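Student: I would like to go through this model in questions and answers, with the cut-offs stated along the way.

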Amino acid sequence: MPTPSLASLPIRRLTLRDLTACADLSEDRGWPREEHKWGFLLTAGKGYGIDDPGGGLVGVCAVTEYGPHERPSLAAIGMVLVAERHARQGVGRRLMRHVVAALGTTPLTLHATPYGRPLYEELGFKATGRAEMVRGHFTPGGSEPGVPTRAATAEDLPAILRLDEEVFGADRTHIITRLPAFADQLRVAEQNGRLIGYAAAWPNMDTHVVGPLIARDTETAKALLASLAARTDRPLRTDIDVRHEELLGWVHERGLACVAFNSVMTYGITELPGDWSRRFAPLTVAAG
């Protein structure tokens, strides 16, 4: 039997049964397996993939939609991966075109590596921001932020959801309500009984990823990040909007070094909704 051409292989929706194959594909491209994150993305969002007749997956991507279920106001695209043996054969372009077409008029966003950015620009995405990935063991020191924080409780969830929608610019209840089970830590900052920020730390291989990080101001963001760091022995990793220069300087002083820069790109909108000044880090760059 002749081997089918890549262009003729169908694109299908992925399910949790594909989790191991997605992790295998990540590993094939030199990425961590990230099975915990893959499980989250495949249940909170939608995965798209192409089956390899020889076994495994040719390529995949994940889409996370926000806003009304029937008419999303924003969708984030991430984890665009193509097996090494099928690289540079147009698979990533085909997957992206399929997803863009499937989402119709929904505005889109993604974080692009320097390697991936030319493809996204070819498809009509525009760079509208930049994020710095930092990683390392957090070392306390100097003048620590004085904003009090505490572990979140179930009673905090309505206030967290209200603050998150105000800052993010779209309803992501289906994401935030999964945080208590997904994250190892979920903490809030308050002032005069009012929630002014929240942050989570979730396990990813040997690190804890800090995200989302939503805060009224930089001091609150520092307090939340420091409180998460104090309760883990793992290195921290997070992706901070480069416009938050003060926070970036502070985390560098405390041992988190720059790993990479990614371009924040949009399609169908000129900038992301919400309030960037209070949005310090995404849940994950794959989901915004």
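Tutor: A polar contact is a pair of N or O atoms within 3.5 Å; within protein, one must be able to donate a hydrogen and the other to accept it, and residues adjacent in sequence count only if both atoms are side-chain atoms. The model is predicted, so local features need pLDDT of at least 70 and side-chain atom pairs count only at pLDDT 80 or more, while totals for chains, interfaces and linings use all residues. Residues are numbered from 1 along each chain as its sequence is written, and side-chain values use heavy atoms, with hydrogens and water left out.

Student: Is T207 buried or exposed?
Tutor: Buried means under 20% relative accessible area, exposed over 50%, and partly exposed in between (1.4 Å probe, protein chains only). T207 has a relative accessible area of 3%, so T207 is buried.

Student: With which side chains does the side chain of R33 make polar contacts?
Tutor: R33 lies in the loop between helix 1 (19–28) and helix 2 (35–44), and at 18% relative accessible area R33 is buried. Beyond four places in sequence, R33 is in contact (heavy atoms within 4.5 Å) with residues including W38 and M205. The polar contacts of the R33 side chain are at 2.8 Å to the side chain of D24 and at 3.0 Å to the side chain of E27.

Student: Why do the buried residues of helix 9 line one face of the helix?
Tutor: The buried residues of helix 9 (residues 245–253) are L247, L248, W250 and V251. The arc is taken from the directions from the helix axis to the C-beta atoms. On the other side of helix 9, E245 and E253 are exposed. The buried residues line one face because, seen down the axis of helix 9, they fall within an arc of 160°.

Student: Which strand gives the largest share of the lining of the largest pocket?
Tutor: On a 1 Å grid over the protein atoms alone, a pocket is an open set of points where a 1.4 Å probe fits, with protein on both sides within 12 Å along at least five of seven lines; lining residues have an atom within 4 Å of a point. The largest pocket has a volume of about 1100 Å³, the volume being the space filled by probe spheres set on grid points joined across faces, edges and corners. Of its 45 lining residues, the closest to the centre are W31, V80, L81, T113 and Y115. The largest share, six residues, comes from strand 4.

Student: How far is the C-alpha atom of I77 from that of K46?
Tutor: I77 lies in strand 4 and counts as buried at 2% relative accessibility. I77 and K46 are 31 residues apart along the chain, and their C-alpha atoms are separated by 9.7 Å.

Student: Which strand gives the most to the lining of the second largest pocket?
Tutor: This pocket has a volume of about 400 Å³. Of the 23 residues that line the second largest pocket, the closest to its centre are D241, R243, V264, L272 and R279. With four residues, the largest contributor is strand 6.

Key:
Helices (H or I, at least four residues) and strands (E, at least two) are DSSP runs, numbered from the N terminus.
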